[in-house]
Amino acid sequence: MAPVALVLLLLLLLLPQPLSPPARADACPAACRCYSTTIECGALQLHGVPPGIPAGTQTLFLQDNSIVRLEAGALAPLTALRRLYLHNNSLRALEVGAFRAQPHLLELALTRNRLRGLRGGAFVGLAQLRVLYLAGNQLTRLLDFTFLHVPRLQELHLQDNSLELLEEQALEGLSSLALLDLSRNQLGTISRETLQPLASLQVLRLTENPWRCDCALHWLGAWIKEGGQRLLGARGRRITCAEPPRLALQSLLDVSGSSLVCIPPSVHVEPPELTANLGDDLRVACRASGYPQPLVTWRKAPLPRDSRPRVRAQWEGAAPGPPEPAAADTGSGMLFLSNVTLAHAGRYECEAANAGGAARVPFRLLVNASRARPTIPVPLPAHPDGGEPQPEPGSLAFRALGLATQTAVAAAIALLALTALLLAAMICRRRRRRKKGCVPPGEGVLFANDYSDGPCTSAQLEELRGERGHAMFVINRSKPLLTEGPAEGLHPTPHRAYEIHC
């Protein structure tokens with residue numbers, strides 16, 4: 001038996017074993033293509049990160065889809081991710097902490113999405129990121145410390161956006177950056193302080209922007225001539241001026257330093273002092289001039305800590321925001337104070353600043369605490385119905401009221417006038433009806449005597465003509481109007497009268 005058992009054991013060992021399906025095929029998301037640690041899910045009309053992506057994925061392609069939002073936890077399981085491609089999607093914003101679980105990510109492509117702004121915490125967790133593609137979006141400005149969480153970034157692609165402003169500390173923390181592409185944007189100027197943190201910069205692209213060649217760009221022209229040409233390259237050296245008109249289409253390098261001038265701002269507030277009543281809505285205009293167009297800012301003069309009011313000041317047409325510091329606008333600014341209280345009283349300052357300098361002008365607001373009505377007494381006409389007097393549009397008292405109060409008063413006056421017109425029309429109509437239906441006594445009734453020797457019937461009545469024209473009268477014997485009784489001792493024929501209707 002031993003030889004037989006040995007033979008059977010050898011046969012079992014030599015038989016082919018069934019192949020188990022590979023683990024990667026089971027873990028690959030539907031419709032995606034999986035190759036080792038690379039997952040390809042492009043052009044699948046996806047609206048989000050598909051489920052079932054293996055945790056060990058290192059390269060993920062999600063380009064050419066319809067992803068609108070990248071939620072904070074969508075990429076949480078993919079801690080080993082090295083490269084993420086999200087270009088050609090519809091991302092409108094990046095949630096704070098969206099990439100917090102990707103500490104090993106080296107390359108992130110967000111090209112040609114619909115990003116309009118970048119929050120300060122959008123890139124939290126990407127301490128190892130080397131390349132960031134943000135080209136072809138709708139970015140208009142970069143705020144301070146936007147890239148503070150990507151200290152090892154080496155390439156930043158921002159071309160083909162609509163950038164108009166880079167705040168002075170927008171690139172803070174990018175000491176390792178070697179390439180910065182700002183071409184084909186809407187930049188009119190850039191400050192030396194903005195580029196100062198870029199200690200390792202080797203390539204800088206600034207072409208195809210509407211540069212405003214004034215004193216603010218004097219440093220850039222000098223920097224390029226001194227040694228910055230090596231950063232710009234042969235094609236990037238031609239920085240063309242768009243303003244002022246006398247320098248349009250000229251290269252910044254061909255413009256002399258004396259031609260890069262600025263006009264310091266001048267600022268004017270009218271009136272410099274104003275008295276308002278409690279509850280008023282107040283607008284104060286601050287107008288500034290200069291070149292380039294000054295940036296106008298309203299501020300409230302500081303008060304002692306124990307009596308510092310919180311002033312609600314905002315620009316006309318802007319959304320309500322924090323009261324301090326005041327908002328800013330270019331050219332002219334409108335300080336708007338809603339529902340004035342005693343806390344709004346005090347000294348204000350309007351400042352206009354550009355590259356040529358700054359100018360300030362004070363403004364003082366007094367609040368009348370004794371009454372909430374206008375300080376100029378104006379007699380108001382009494383209401384026709386004897387009610388309370390209402391201000392009339394155009395009077396001094398009416399102009400002193402707030403905008404909302406003026407609107408309410410004008411609407412009330414218009415409503416009262418419309419009511420009076422309707423009443424007058426109803427009265428006239430009723431009078432006309434009464435006058436038209438008024439009939440002289442006896443005109444509508446015909447009295448006919450009914451004698452016993454000759455009864456009067458409807459057939460015996462003749463057509464009668466009156467002042468109202470042709471009419472047919474019919475006797476109504478069921479409605480006697482007058483019946484005379486017989487006298488004593490006599491038996492005359494009774495006389496009866498009936499109503500005859502037309």
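Modeller: We'll go through salt bridges, cores, aromatic pairs and a couple of loop residues in turn. Keep in mind that this is a predicted model.

Biologist: Let's start with charges. How many salt bridges does the structure hold?

Modeller: There are 11 salt bridges. Take E95 and R69, whose closest N and O atoms are 3.3 Å apart. This pair links distant parts of the chain: R69 is in strand β4, E95 is in the loop between β6 and β7, and 26 residues separate them.

Biologist: Which residue does R205 form a salt bridge with?

Modeller: With D181, and the closest N and O atoms are 3.3 Å apart. Here strand β13, which holds R205, is linked to strand β12, which holds D181, across 24 residues.

Biologist: Now the inside. How many residues does the largest nonpolar core have?

Modeller: It has 67 residues, and L84, L108, F123, L134, F147, L156 and L180 have the most contacts inside it. Helix α4, residues 218–232, gives the most to this core, with five residues. For a close-up, pick F123: leaving aside neighbours within four places in sequence, its contacts include L94, L108, L134, F147 and V150. There is also a second, separate core of 20 residues, with C286, L335, L337 and A359 among them.

Biologist: How are aromatic pairs described?

Modeller: By the distance of the ring centres and the angle of the planes. A search of the whole structure finds five such pairs. In one of them, F61 and Y85 have ring centres 4.8 Å apart and planes at 10°, so the pair is stacked. F61 lies in strand β3 and Y85 in strand β5, so the pair ties together parts that are 24 residues apart in sequence. F61 counts as partly exposed at 24%, and Y85 as buried at 13%.

Biologist: What about W219 and W223?

Modeller: That pair is tilted, at 6.3 Å centre to centre with 45° between the planes. Both lie in helix α4, four residues apart, which is about one turn of the helix. W219 is buried at 12%, while W223 is partly exposed at 23%. Elsewhere, ring pairs link W298, Y348 and F363 into a cluster.

Biologist: Which charged residue sits over the ring of Y348?

Modeller: The charged end of K300 does, 5.4 Å from the ring centre. Likewise, R283 lies over the face of F336, at 4.9 Å from the ring centre.

Biologist: Last, the loops. Where is S183 found?

Modeller: In the loop between β12 and α3. S183 counts as buried, at 3% relative accessibility. Not counting residues up to four places away in sequence, S183 touches Q159, D160, R205, L206, T207 and N209. Compare A355, in the loop between β23 and β24: A355 is partly exposed, at 43%. Leaving aside its close sequence neighbours, A355 is in contact with C215, A216, C262 and P292.

How values were computed:
Residues numbered from 1 in each chain as written. Predicted model: local features only at pLDDT ≥ 70, side-chain atom pairs only at ≥ 80, totals over all residues. Heavy atoms only, no water. Helix = DSSP H or I, 4+ residues; strand = E, 2+ residues; numbered from the N terminus. Buried < 20%, exposed > 50% of the residue type's maximum accessible area, 1.4 Å probe, protein only. Contact = heavy atoms within 4.5 Å. Salt bridge = Lys/Arg side-chain N within 4 Å of Asp/Glu carboxyl O. Core = buried A, V, L, I, M, F, W, Y, C linked by side-chain atoms within 4.5 Å. Phe/Tyr/Trp six-rings, centres within 6.5 Å; stacked < 30°, edge-to-face > 60°. Lys NZ or Arg CZ within 6 Å of the ring centre and 35° of its normal.
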